Amino acid sequence: MTTTLITNIASLVTNDPAQGDGTPLGLLTDAAVVLDGENIAWVGPADKAPAADETYDAEGRAAIPGFVDSHSHLVFAGDRTQEFNARMSGRAYSAGGIRTTVAATRAATDEELEANVTRYLAEALRQGTTTFETKSGYGLTTHDEARALRIAARHTDEVTFLGAHIVSPDYAEDPAAYVELVTGEMLDACAPHARWIDVFCEKGAFDGDQARAILTAGKAKGLHPRIHANQLSYGPGVQLAVELDAASADHCTHLTDADVDALAQGNTVATLLPGAEFSTRAEWPDARRLLDAGATVALSTDCNPGSSFTSSVPFCIALAVRDMGMTPDEAIWSATAGGAKALRRTDVGVIREGARADLALLDAPSHVHLAYRPGVPLVAEVWQRGTRTS
Ligand code: NIG
Ligand code: FE
């Protein structure tokens, strides 16, 4: 296997507190990394680096672990430009818009869906994302949900069954029968293709009891829970996530003090998705409140055609720093190590010997520039599983 030395890194975020400056970012200056095949073989000061087969000169730029985007909805067809335009003219966002994408997705061929996933993933990779999760949820029939998961699984191991995105329009008169379908035949067909199960727990989607039944059925089939919780209103989602030991409660925009306490005490990551608040002109989630209480926060894109049509983690970092009370260091940790925690992974989101060789080199002297220079394409090079992708 070929080894590659990346040297002359002015500032390296490792997310390994045992390294560097002793902060959670484990910041090293004048650093080098050696990649061996798909993994990292060595990390440390450039002047102590061992020899390697090949050398890449970072020319004094900053490097970070590749972003871990732990929440996206990439298997869909069509877009919702008109709905976005209407929202920007004052109309409110509602879960009902999901039906537009369900119709377009059902009508699409496998090839069209595959081409969309490939396109949005390539966008994300160019912006530094090396690990991503993605969900079904725009099929809402056994056939279409299983098809979405099979397509997603060609691109990532982090696949989530979201048959409970909304009640299928075919079951509008009988939501209980839809829950029966999701927890029965649909789950049986989908579980082999997924690692996670998710529910949109919200008014107009699924209530706490339905969400509990769906996630419990998923657990019994070997899937691990994560929840769309407390996005549009206060509700039971966050507490349910903690109760069921979900890896993540996602959105967390409307939280009571009891919700914040539950997240601080439990093992569930609070995943914040500022692209959604941006694109729905909604109130920002209060990251500062969660961090001060001791909760673990992840930052992800929620990339989907309705509420957050961005694949850019750097954009989400800039929003989180500007509007959610996060420091640049916290936001970068949350978009890398935080995302890894939300997926219960220890091999990504960190630059440490043995971890996956996933890193992004920035056209900047420091990771802080990701927030300081919003909207600027600072990701210069990306290595994914040891391969330079550009
Ligand atoms: O995470 N909240 C539910 N699902 C998506 C939105 C889906 C859509 O509007 O198409 C979200 O924001
Ligand atoms: Fe989502």
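Is the crossing of α12 and α13 left-handed or right-handed?

Guide: The crossing of α12 and α13 is right-handed; a crossing has this hand if the near helix is turned clockwise from the far one by less than a right angle, and is left-handed if the turn is anticlockwise. This is a predicted model, in which local features need pLDDT of at least 70 and side-chain atom pairs count only at pLDDT 80 or more, while totals for chains, interfaces and linings use all residues. Residues are numbered from 1 along each chain as its sequence is written, and chains are lettered from A and ligands numbered from 1 in the order in which they are written.

Confidence comes before geometry. The chain has a mean pLDDT (the predictor's confidence in each residue, from 0 to 100) of 97, with 100% of its residues at 70 or more. For the complex, the predictor gives a pTM of 0.98 and an ipTM of 0.97.

Helix α12 covers residues 313-323 and helix α13 residues 328-342; helices are DSSP runs of H or I with at least four residues, numbered from the N terminus. Their axes lie 9 Å apart, at an angle of about 140 degrees. Axes are lines fitted to C-alpha atoms over the stretch in contact, and angles run from 0 to 180 degrees between N-to-C directions. The two helices are therefore oblique: under 35 degrees counts as roughly parallel, over 145 as roughly antiparallel, 65 to 115 as roughly perpendicular, and the rest as oblique. From α12, the contact (C-beta atoms, placed from the backbone, within 7 Å) takes Val-313, Cys-316, Ile-317, Ala-320 and Val-321; from α13 it takes Pro-328, Ala-331, Ile-332 and Ala-335. These residues divide into nine nonpolar, no polar and no charged, where Ala, Val, Leu, Ile, Met, Phe, Trp, Tyr, Cys and Pro count as nonpolar, Asp, Glu, Lys and Arg as charged, and the others, Gly among them, as polar.

Helices α3 (residues 110-126) and α4 (residues 142-153) cross at roughly 45 degrees, their axes coming within 10 Å, and are therefore oblique to each other. Their crossing is right-handed. Asp-110, Leu-113, Glu-114 and Val-117 of α3 meet Arg-147, Ile-151 and Ala-152 of α4, giving four nonpolar, no polar and three charged residues.

Helices α5 (residues 175-183) and α7 (residues 208-220) pack at about 15 degrees, with axes 9 Å apart, which makes them roughly parallel. α5 passes α7 in a right-handed crossing. Here Val-179, Val-182 and Thr-183 of α5 meet Gln-210, Ala-213, Ile-214 and Ala-217 of α7; the classes are five nonpolar, two polar and no charged.

Notes: Two residues are in contact if their C-beta atoms, placed from the backbone, lie within 7 Å.
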